[in-house]
Amino acid sequence: MAVALRMSSIYAPTLKEDPAEAELASHRLLLRAGMIRKTAAGIYSFLPLGWRAIVKIQDIVREEMDAIGSQELLLPIVQPAELWQESGRWADYGPELARLKDRAGREFCLGPTHEEIITSLVRSEVRSYRQLPLSLYQVNMKFRDEMRPRFGLLRGREFIMKDAYSFHSSQESLQEHYDAMGRAYARICERLGLEYRPVEAESGQIGGKVTTEYMALADAGEAALVYCECGYAANEDAASTVVVRHPSVTEPGAMTKVHTPDIRTIAELASFLDIHEHDTVKTMAGKLEDGRLVYFCVPGDRELNPIKAGWAAPGVVLLDEADFATYGIPKGSLGPVAPPSGTLVVADASLQGDVSWGIGANEDDHHFIGAQPERDFTVAQWADLVVARPGDGCPTCGGVLAGARGIEVSQIFQLGTKYSVSMGATYADENGDEQPFLMGCYGVGVSRSMAAAIEQRNDESGMAWPVTIAPLEVAVLPLNADGEVFEVGERIWRELADAGLETVLDDRDERAGVKFADADLIGWPFQVVIGKKGLAEGVLEVKDRATGLRVSVPLADAVAHVARLVAEAKAALAPVTLHP
Ligand code: ATP
Ligand code: MG
């Protein structure tokens, strides 16, 4: 339905000054344009214009979910503790889970996500494989008591999420729906006008999880990604990588112990020994459940990736300060030569072939140089251990990885039987045997997506909304508040609405400069400007906010012209990813 609003009656209290607390453009501009207001740290009210954009995002998300056969429902925000105790997350979730008691003293939490609720709902109703697969979704508020709520809607405590959950009787069925979700998520990003990349969040290691994150590219993003022209892309946390090393010392020599007083860091060590940081090897220690130590050796100029450490040595936990004392090992001088008995040495694959390592000597203030694997110490396992970074080799094609920063706007996840086993959610298979459901979960950050879109589309004057989610599509700015200019403006505004466009008339008695500034700040995709001078010549001006392009258009053609621009802008954001 066409929408025609008057600027004078829209509740959008704009701010003249930049709010001090806002570091990022999206946060600053949404506040300044009167689209959101902070109620408490990480808790926001959505004002009418901001809410219009949110509703449009929700509509897009709903269309895409409905198209792949997911059904909408609504789950409670307040959730009984018992369900979380069953899954084990009452204890595991930590302080992000906001807990409360009712008047009878019963414990509840505010849902940060809804696996427990949906599993309990489905386990008592779905009995047979014939009722599967089943996919359900909701659009709802989430609450996570984030340690550092910041950047406005990007990391709130209360935020809007679309979350979907699916239930299957076979891995093939789960995979099929996961793939359909992936395509739907790509289409959502495309329709929101986001420049994005789907990235591997944890690569398909055995026992690893199958999950993909959708990253809106933005310098302000908290996530670091690496990607390759071949299409490979991954979160730095999880990226497999081929580290190309150029050791300058390759001739085997004797292993020599060197006194290195007060040397604690790799930089200090390299400069003390007068070798390159990448010719040193640093060793980090972890412990297994049975108490055995694991030493992880990585090139001195690289960081150990704790996720990969876990892949190499399942269950390993990196040592904390107290552990070093308990084990009686020197934190600053660890090395693979003669570690405590039973210690497993795992070394980064890029070190394989290097025959002269500069390493800690397991003795305070001492290091070895010229240490050689297999001659001086044993490596139990060579593995990919380091945090990937731009410049590394692509694990898929061998090309060179590039880097980018991203905002995680959504994520899809194959849960397997994690919740169905812990919560006893089973169905009867063809033979009548009880089996745990295979599950998937899929989340879109609705409010975060709105902020991410603005993060990608703004300039010094304000926001430049993608037309698909703009609060309204067209603003009509008559530069006089009465007389012929205003009358023509009002007429064009009505005609635009009759043509099916969402239109706002700036009917305020304000100077032209104020109207222009507000229009650019709010970021209406198209502005129709009507002034005395143009009118005398029978023309008005149409401005495209995104490109800044202004064209003079004959009055009689104005409505058709603007309708065409809006249609073209929408077509440009039509999804390129096809449903199956
Ligand atoms: P992050 O790593 O950024 O904390 P997450 O991986 O914990 O997010 P998920 O559990 O995957 O988040 O939730 C699904 C989606 O919900 C995320 O992709 C994100 O878009 C959104 N989201 C998560 N936390 C927040 C938050 N604090 N504020 C706004 N949106 C959020
Ligand atoms: Mg996530």
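Ile-77, Val-78 and Leu-100 together make a nonpolar surface patch of about 200 Å². Keep in mind as you explore that this is a predicted model. Val-78 belongs to strand β5, which covers residues 78-80. Is Val-78 buried, partly exposed or exposed? Its relative accessible area is 41%, so Val-78 counts as partly exposed.

## Around ligand 1

Now let's visit the ligand. A shell of 14 residues surrounds ligand 1, and the closest are Arg-144, Glu-146, Arg-155, Gly-156 and Glu-408. Which of the elements gives the most? That is β22, with four residues.

Glu-408 has a polar side-chain atom 2.6 Å from an oxygen atom of ligand 1. For Val-409, a backbone N or O atom lies 2.9 Å from an oxygen atom of the ligand. Gln-411 uses its side chain, where an N or O atom is 3.0 Å from a ligand oxygen. Taken alone, ligand 1 exposes 580 Å², and the protein buries 80% of that.

## Pairs of opposite charge

Side chains of opposite charge can pair when their charged atoms come close. How many salt bridges does a search of the whole structure find? The search finds 36. In one of them, Arg-187 pairs with Glu-64, and the closest N and O atoms are 2.8 Å apart. This pair links distant parts of the chain, with Arg-187 in helix α6 (residues 171-191) and Glu-64 in helix α2 (residues 48-67), 123 residues apart. Both Arg-187 and Glu-64 are buried.

Another salt bridge joins Arg-89 to Glu-116, with the closest N and O atoms 2.8 Å apart. Arg-89 lies in helix α4 (residues 89-92) and Glu-116 in helix α5, so the pair ties together parts that are 27 residues apart in sequence. Arg-89 and Glu-116 are both buried.

## A covered helix and a far-off neighbour

Helix α11 (residues 446-456) is mostly covered, as ten of its eleven residues are buried. Among the buried ones are Val-446, Arg-448, Met-450 and Glu-455.

Next, return to Arg-187. His-579 is 392 residues away from Arg-187 in sequence, yet their C-alpha atoms are 8.6 Å apart in space. His-579 lies in the segment after α15 (558-572). With 24% relative accessibility, His-579 counts as partly exposed.

Most residues other than glycine have a negative phi, and most peptide bonds are trans. Glu-374 is exposed, with a relative accessible area of 55%.

Finally, look at the peptide bond from Leu-132 to Pro-133, which is cis, with omega near -5 degrees. Pro-133 is found in the loop between α5 (115-123) and β8 (134-143).

Definitions and conventions. Residues are numbered from 1 along each chain as its sequence is written. Chains are lettered from A and ligands numbered from 1 in the order in which they are written. This is a predicted model: local features need pLDDT of at least 70, side-chain atom pairs count only at pLDDT 80 or more; totals for chains, interfaces and linings use all residues. Side-chain values use heavy atoms; hydrogens and water are left out. A residue is near a molecule or strand if one of its heavy atoms lies within 4 Å of it. A polar contact is a pair of N or O atoms within 3.5 Å; within protein, one must be able to donate a hydrogen and the other to accept it, and residues adjacent in sequence count only if both atoms are side-chain atoms. Accessible areas come from the Shrake-Rupley method with a 1.4 Å probe; for residues, only the protein chains shown count as cover. Helices (H or I, at least four residues) and strands (E, at least two) are DSSP runs, numbered from the N terminus. Patches are made of residues with over 30% relative accessible area and no salt bridge: like charges are joined within 9 Å, nonpolar side chains (Val, Leu, Ile, Met, Phe, Trp, Tyr) within 5 Å. A salt bridge is a side-chain nitrogen of Lys or Arg within 4 Å of a carboxyl oxygen of Asp or Glu. Buried means under 20% relative accessible area, exposed over 50%, partly exposed in between (1.4 Å probe, protein chains only).
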